[in-house]
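Hi,

Here's the structure I promised to pass on.

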Amino acid sequence: MMRVAFKRELQINWVSAIADFMLAGMVIGPLAAPFLAASGVWLLGGIANIIYFMGVHVCPQPDMGLDLAPPHIMAVCMRCYGTVTGLLITRLLYGATGGKGFYWLSQYGWSGVALASVLMMAYPLELAAQVFGWWSFNNYLVTPFGLITGLAWGLFTMPILHGRKIIRNS
């Protein structure tokens, strides 16, 4: 009886793996921070402080986070978390479609860049409207603006980050 050994090589797309790791941190971290802080365990509180430190440096209004474990709030506001949610949705969509579909904006070259850029302006335009006093902060209002920005960002970048090289010169 002859045994045949099959050699399978595991090839890791490091850009994709690192992007997924960072996205997981952006999804879990802001939600976990208030519970870690409320735990009363020194080490978990230290991890929460690191997450809050990062939130303060990426979110324009981290003090507007949801009150998940009173008195501890999420590490970012819902505008930012809406953006992260949009990125998560597009990552899941990319995994399900393998990057095939008309909606992946990077396949359209500069036109895709322009459309993604216009859609990504939802977040800063809403923030500007709030700063200029056109409306006040409301989690139900700001979340969809962040979501639109995250979807646009994800629809452009997921094919680039996760292996499908579809950018072409236009």
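Before anything else, a definition you'll need: helices here are DSSP runs of H or I with at least four residues, numbered from the N terminus. With that in hand, look just after α3, where Gly98 takes a positive phi of about 65 degrees. Keep in mind that this is a predicted model.

Let's stay with α3 for a bit. The helix covers residues 78-97, 20 residues in all. From its first C-alpha to its last it reaches 28 Å, close to the 28 Å expected at 1.5 Å a residue.

Which residues of α3 are buried? There's quite a list, including Met78, Arg79, Cys80, Tyr81, Leu87 and Tyr94. The cover over the buried residues of α3 includes α1 (14-38), α2 (42-58), α5 and α6.

Now for the nonpolar cores. The largest one has 22 residues, and Val76, Cys80 and Tyr81 are the ones with the most contacts inside it. Two or more residues come from each of α1, α3, α5 and α6. Helix α3 gives the largest share, six residues.

What does Tyr81 touch, leaving aside its neighbours within four places in sequence? Its contacts are Met26, Val27, Pro30, Leu31, Met74 and Val76. There's also a second, separate core of six residues, with Leu36, Ala48, Ile51 and Tyr52 among them.

On to the rings. How many aromatic pairs are there? The count comes to five. One of them joins Phe132 and Trp134, a tilted pair at 5.9 Å centre to centre with 40 degrees between the planes. Are these two residues buried or exposed? Both Phe132 and Trp134 are exposed.

Trp135 and Phe145 make another tilted pair, with centres 6.1 Å apart and 40 degrees between the planes. This pair links distant parts of the chain: Trp135 sits in the loop between α5 (122-131) and α6 (139-161), while Phe145 is in helix α6, ten residues away.

Elsewhere, ring pairs link Tyr94, Phe102, Tyr103 and Trp104 into a cluster.

Happy browsing!

Note on methods: Residues are numbered from 1 along each chain as its sequence is written. This is a predicted model: local features need pLDDT of at least 70, side-chain atom pairs count only at pLDDT 80 or more; totals for chains, interfaces and linings use all residues. Side-chain values use heavy atoms; hydrogens and water are left out. Rings of Phe, Tyr and Trp (its six-membered ring) pair if their centres lie within 6.5 Å; planes under 30 degrees apart count as stacked, over 60 as edge-to-face and the rest as tilted. Buried means under 20% relative accessible area, exposed over 50%, partly exposed in between (1.4 Å probe, protein chains only). The expected span of a helix is 1.5 Å times one less than its number of residues. Contact means heavy atoms within 4.5 Å. A nonpolar core is a set of buried Ala, Val, Leu, Ile, Met, Phe, Trp, Tyr and Cys residues joined through side-chain atoms within 4.5 Å.
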